[in-house]
Amino acid sequence: MLPFFTQVHAALQAQARLWAEKNLFAGHGSEDLEQHARTLVEQLGAAGFLKHAVSKQLGGVREQVEARDLCILREELARGDALADTMFALQALGSYPITLAGNATQKQNYLSQVVSGDAIAAFAITEPEAGSDVASLQTTAVRKGEQFALNGIKRFISNAGIADFYVVFASTEPEKKAKGVSAFIVDATTPGLAVTEKTQLLSPHPIGVLEFTDCVVPQGALLSVEGDGLKIALETLDLLRCSVGAAAVGFAQRALEEAIRYGKTRRQFGRAIAEFQGIEFKLAEMATELEAARLLVYQAAWAHDVGNADAKQKSSMAKLYATEAAQRIVDQALQIHGGNGLIAGSIMERLYRDVRALRIYEGTSEIQQLVIARGLLK
């Protein structure tokens, strides 16, 4: 058991590992991607895992959402299936702004459905001209009496087209830049909201482009108060950042397991390739990097949960190191598999595609380096 775990954390890890091995390791057929994503959300709700994405008073299991719980679940789900990890993470990402800043009515209307898996959440902040520089977003929300009219385009929005609601970040006072950003809950059926593109990615999951054209939402859709949007977004990302590292650890763990299995069974020159020193050295380096990544991730999650002042910097370190290390581990595991690792549909080919995005979303590796360096230079 890791030093950052309680017995409750260890029990959750054991439960999640057993569930993932039973439900995810067999893979899935050629069913529709969006339908499979919906099914996974329902299964995660039925298993009780989505309860860890909201606080106890809203149907969750703890008084406050814990980063360690999210990391444990993401690691075990990613070890089994990338889409399962993604759908769990998006339920947390899309609902936490409501947990954080929603009023009683908003929490009641949306979070109970997130917990059960009956509603799919989404987080809409990225735009064509606003990626790492989130303060430059151009989507506007103009007040019209007791309503707001949203206009703009959001890009790379996960769950686009299958989400039941989106937490949308828009500028209510453009002249204030970052301090003029506000957050809104927008139901998927709201007139003026359209999914204009379904984007195909290297590792498939439902993602696309949202377009808002005089999309009118009521005052009651506003989270907190005008101008709090960027604060809400950043606090949400602060919670989830280290969990991206946990997903990377899950991918890397599966890659190492597959490399060991293959190394023991693949024979060349009269013996198993795992008996060759060159392969042994690769496995040793992979295992060491994996252990270092795991410790960084759960140290960061623990720091967030106990309120350490350097939690943000530790989360950036964890995401940076774990995602970069996972890329190296998966690459080495594929190298051990040789040509068999390149076969479309094989576990190694899938892991090679799945791991790549983690170094980009929720803050690129370069952004994490900036966060770390600026923390050191304060």
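**Aromatic pairs, a central strand pairing and a pocket**

Modeller: In this predicted model, a search of the whole structure finds seven aromatic pairs.

Colleague: Why is the pair of W19 and F49 called edge-to-face?

Modeller: Two values decide the matter. The ring centres of W19 and F49 are 5.4 Å apart, and rings pair if their centres lie within 6.5 Å. Their planes stand at 90°, and planes over 60 degrees apart count as edge-to-face. The pair is therefore edge-to-face.

Colleague: What makes this pair a tie between parts that are apart in sequence?

Modeller: W19 belongs to helix α1 (residues 7-23), whereas F49 is in the loop between α2 (33-46) and α3 (67-80), so the contact ties together parts that are 30 residues apart in sequence. Both W19 and F49 are buried.

Colleague: How do you know that the charged end of R254 sits over the ring of F25?

Modeller: The charged end of R254 is 4.1 Å from the centre of the F25 ring. The distance cut-off is within 6 Å, and the charge must also be within 35 degrees of the ring normal. R254 is listed as sitting over the ring of F25. R328 likewise lies over the face of Y321, at 6.0 Å from the ring centre.

Colleague: What makes strand β4 mostly covered?

Modeller: Buried means under 20% relative accessible area, and seven of the seven residues of β4 (165-171) are buried. F165, V167, F169 and S171 point one way, Y166, V168 and A170 point the other way, and all are buried. In a regular strand the side chains alternate between the two faces of the sheet.

Colleague: How do you know that β4 pairs with β1 and with β5?

Modeller: The requirement is at least two bridges between the strands. Strand β1 (residues 121-124) and β4 have four bridges, in the parallel sense, and A121 stands opposite F165. With β5 (residues 181-187), β4 has seven bridges, in the antiparallel sense; V168 has F184 as its bridge partner there. Both pairings meet the requirement.

Colleague: What makes up the lining of the second largest pocket, and which helix gives the most to it?

Modeller: The pocket has a volume of about 170 Å³, and A309, D310, K312, Q313, V371, R374, G375 and K378 line it.

Colleague: How do the lining residues divide into nonpolar, polar and charged?

Modeller: Two are nonpolar, two are polar and four are charged. Gly counts as polar, and G375 is one of the lining residues.

Note on methods: Residues are numbered from 1 along each chain as its sequence is written. This is a predicted model: local features need pLDDT of at least 70, side-chain atom pairs count only at pLDDT 80 or more; totals for chains, interfaces and linings use all residues. Side-chain values use heavy atoms; hydrogens and water are left out. On a 1 Å grid over the protein atoms alone, a cavity is a set of points where a 1.4 Å probe fits but cannot get out, and a pocket is an open set with protein on both sides within 12 Å along at least five of seven lines; lining residues have an atom within 4 Å of a point. Grid points are joined across faces, edges and corners, and a volume is the space filled by probe spheres set on the points. Rings of Phe, Tyr and Trp (its six-membered ring) pair if their centres lie within 6.5 Å; planes under 30 degrees apart count as stacked, over 60 as edge-to-face and the rest as tilted. Helices (H or I, at least four residues) and strands (E, at least two) are DSSP runs, numbered from the N terminus. Buried means under 20% relative accessible area, exposed over 50%, partly exposed in between (1.4 Å probe, protein chains only).
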